[in-house]
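Here are a few friendly notes to read alongside the model. Please keep the structure open as you go through them.

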Amino acid sequence: MNTLDKYKGCLIGGAVGDALGYTVEFFREKEIFSHYGENGITEYELRNNKAIISDDTQMTLFTANGLLLGAKDGSYIQSIYDCYKEWFITQNCDYETKSKIRSLLSSWLMDVPELWKRRAPGFTCINAIASGKMGSVRNPINDSKGCGGVMRVAPVGLFFKDTIKISQTDFISAEASAITHGHELGYIPSACFAHIINLISHTDISLKDAVMDSISHTKKLFKNCKHIDYFCQLMNTAVKLSRKNIPDLDAIHELGEGWVAEETLAIAVYCALKYENDFEKAIIVSVNHNGDSDSTGAVTGNIIGAYLGIESIPEKFLENLEIKDVISEIACDLYNYTPENINTKYSK
């Protein structure tokens, strides 16, 4: 499979899960299955003929833009933070504001009108960025372990191929999440997530082996952290549950609801492993539960999309997906980047 197909599969797959789950993000299971039937939501609910993405995909794109801006001089985390600050503007101003401040902006995504929409952004992300302070692993800004950190960092796993060690990629992902989420479990899952994405995007490793390798490396990278054993235990539970013949909801209930980062990743890993050859089934299971459906859907989509590639995504999920072309363009830019081909789109 062409590696570019994996990049596109990862980012567009994440947007698919996000858009499908966004409709039922705040629904309980009883409401979902009562309204949509025994299989839950399986098709988009369109608004103005579009499947609407949430803040999960918005922030994923701004993470990617930050990586591409930072690649010129290695200022990845600062550039990601700068892009998050610009995303923050889109959540608090209208598109017409752009013309007044365009010369001050770094991200070309600010030229995309659809991204100037407030799509239920997480309070932690909003409040952390509004504070004017940039959190880090060593200097946390708060004690949040919400899933707003992990749901946005798939581009980190995609971007770094042979340029740095995979452990460095993992730590960059953790730092990107620690900008807004200071609890150990707010950023440790991000390192593990990036590790999975990096392996399945650039090698022929099996999905299960990629997950197990990510757990092992994350435990070493954060060996002195108070919550690392709990995190690894939860991840191992997700792997074991994916191999059991039990109802999906029973498995997901054992893992949590996905409002916090470690549960989001565990649910996504369960769904991707359980249905590792069926994008549609993995996505449907990942959003039809009591919890944070758009985030569990997005992370599942990132994983299974990267593993199976863009061709695995049914046309019904590609048609009408909001800003699909923008997402595809970002995926291509991440894939094609070299120091030689950087252009004005990613120049500060």
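1. The lining of the largest cavity divides by class into six nonpolar, four polar and one charged residues. Here Ala, Val, Leu, Ile, Met, Phe, Trp, Tyr, Cys and Pro count as nonpolar, Asp, Glu, Lys and Arg as charged, and the others, Gly among them, as polar. Those lining residues are Leu 11, Gly 14, Ala 15, Asp 56, Thr 57, Thr 60, Leu 61, Met 151, Ala 298, Asn 302 and Ile 327. Two or more of the residues come from each of helix H1 (3-22), helix H3 (55-70) and helix H15 (293-308), and H3 gives the most, with four residues.

2. Please keep in mind that this is a predicted model, where local features need pLDDT of at least 70, side-chain atom pairs count only at pLDDT 80 or more, and totals for chains, interfaces and linings use all residues. Residues are numbered from 1 along each chain as its sequence is written, and side-chain values use heavy atoms, with hydrogens and water left out.

3. How many cavities of 30 Å³ or more does a search of the whole structure find? There are two. A cavity is a set of points, on a 1 Å grid over the protein atoms alone, where a 1.4 Å probe fits but cannot get out; lining residues have an atom within 4 Å of a point.

4. The second largest cavity is lined by Ala 19, Tyr 22, Thr 23, Tyr 44, Glu 45, Arg 47, Ala 51 and Ile 52. By class, this lining has five nonpolar, one polar and two charged residues.

5. Now look at how H1 and H3 pack: their axes come within 9 Å and cross at roughly 160 degrees. That makes H1 roughly antiparallel to H3 (angles over 145 degrees count as such). Leu 11, Gly 14, Ala 15 and Asp 18 of H1 make the contact with Asp 56, Thr 57 and Thr 60 of H3, where contact means heavy atoms within 4.5 Å. The residues of this contact divide into two nonpolar, three polar and two charged.

6. Finally, is Asn 224 buried or exposed? Asn 224 is exposed, with a relative accessible area of 73% (exposed means over 50%, and buried under 20%, with a 1.4 Å probe and protein chains only). Asn 224 sits in the loop between helix H10 (207-221) and helix H11 (228-242). Its C-alpha atom is separated by 20 Å from that of Lys 165, 59 residues apart along the chain.

Definitions and conventions:
1 Å grid on protein atoms, 1.4 Å probe; cavity = no way out; pocket = protein on both sides within 12 Å on 5 of 7 lines; lining within 4 Å. Points joined across faces, edges and corners; volume = space filled by probe spheres on them. Axes fitted to C-alpha atoms, helices over the stretch in contact; angles between N-to-C directions. Parallel < 35°, antiparallel > 145°, perpendicular 65-115°, else oblique.
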